[in-house]
Amino acid sequence: LEGTVERYRRGYGFVRPYPGDKPLWEAKGCPTSAFISLGLMMRLGLQDGQHVRVRVTLPEPPANPSPTVVQLLREEDGDVWNLLTESDPKQRDEGSDDEKDG
């Protein structure tokens, strides 16, 4: 499942699939989001709004109403601003040389 982490105040959370994505288990009547336990949230350091790809186990109703996250497969860097503000180190060095000469 790929989606966005939604963290609750009590520490647990859910991975919400991206809009338009339909997990295979949805056809079986299961919820589309996958539950992340408090312990797993803490161990993986997951934050609200983080983009992830996870492995889940399907629920066994009525004990577990939602699929459950069991493993983090990939963490995507959602911080676009870092990508936009990074500059080429050569340009920074050249700029500092110009300042020293002037």
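Select glutamate 6 to begin: at 31% relative accessibility, glutamate 6 counts as partly exposed in this predicted model. Glutamate 6 forms a salt bridge with arginine 16, and the closest N and O atoms of the two are 2.6 Å apart. Glutamate 6 sits in strand β1, while arginine 16 belongs to strand β2, residues 13–17. The two are ten residues apart, and the pair links distant parts of the chain. Arginine 16 is partly exposed as well, with a relative accessible area of 26%.

Next, stay on strand β1, residues 2–7, and select glutamate 2. Which residue forms a salt bridge with glutamate 2? The partner is arginine 53, with 3.9 Å between the closest N and O atoms. The pair counts because the cut-off for a salt bridge is 4 Å. Arginine 53 is in strand β4, residues 51–57, and lies 51 residues from glutamate 2, so to see both ends, show β1 and β4 together. This pair, too, links distant parts of the chain. Arginine 53 is partly exposed at 36% relative accessibility, and glutamate 2 is partly exposed at 27%. The count of salt bridges comes to two.

Now select arginine 74, in strand β5, residues 68–76. Its relative accessible area is 35%, which makes arginine 74 partly exposed. Leaving aside neighbours within four places in sequence, which residues are in contact with arginine 74? They are Glu2, His51, Val52 and Arg53. Glu2 and Arg53 are the salt-bridge pair from the previous stop. For a distance label, pick the C-alpha atoms of arginine 74 and histidine 51: they are 8.7 Å apart in space, and the residues are 23 apart in sequence.

The largest nonpolar core has 13 residues. Ile36 and Val69 have the most contacts inside this core. Colour β3 (34–36), α1 (38–44) and β4 to see the elements that give two or more residues to the core. Which element gives the largest share? Strand β4 does, with three residues.

Select isoleucine 36 and display its surroundings, not counting residues up to four places away in sequence. Isoleucine 36 touches Val5, Tyr12, Gly13, Phe14 and Val15, along with Met41, Leu46 and Val69.

Note on methods
Residues numbered from 1 in each chain as written. Predicted model: local features only at pLDDT ≥ 70, side-chain atom pairs only at ≥ 80, totals over all residues. Heavy atoms only, no water. Salt bridge = Lys/Arg side-chain N within 4 Å of Asp/Glu carboxyl O. Helix = DSSP H or I, 4+ residues; strand = E, 2+ residues; numbered from the N terminus. Buried < 20%, exposed > 50% of the residue type's maximum accessible area, 1.4 Å probe, protein only. Core = buried A, V, L, I, M, F, W, Y, C linked by side-chain atoms within 4.5 Å. Contact = heavy atoms within 4.5 Å.
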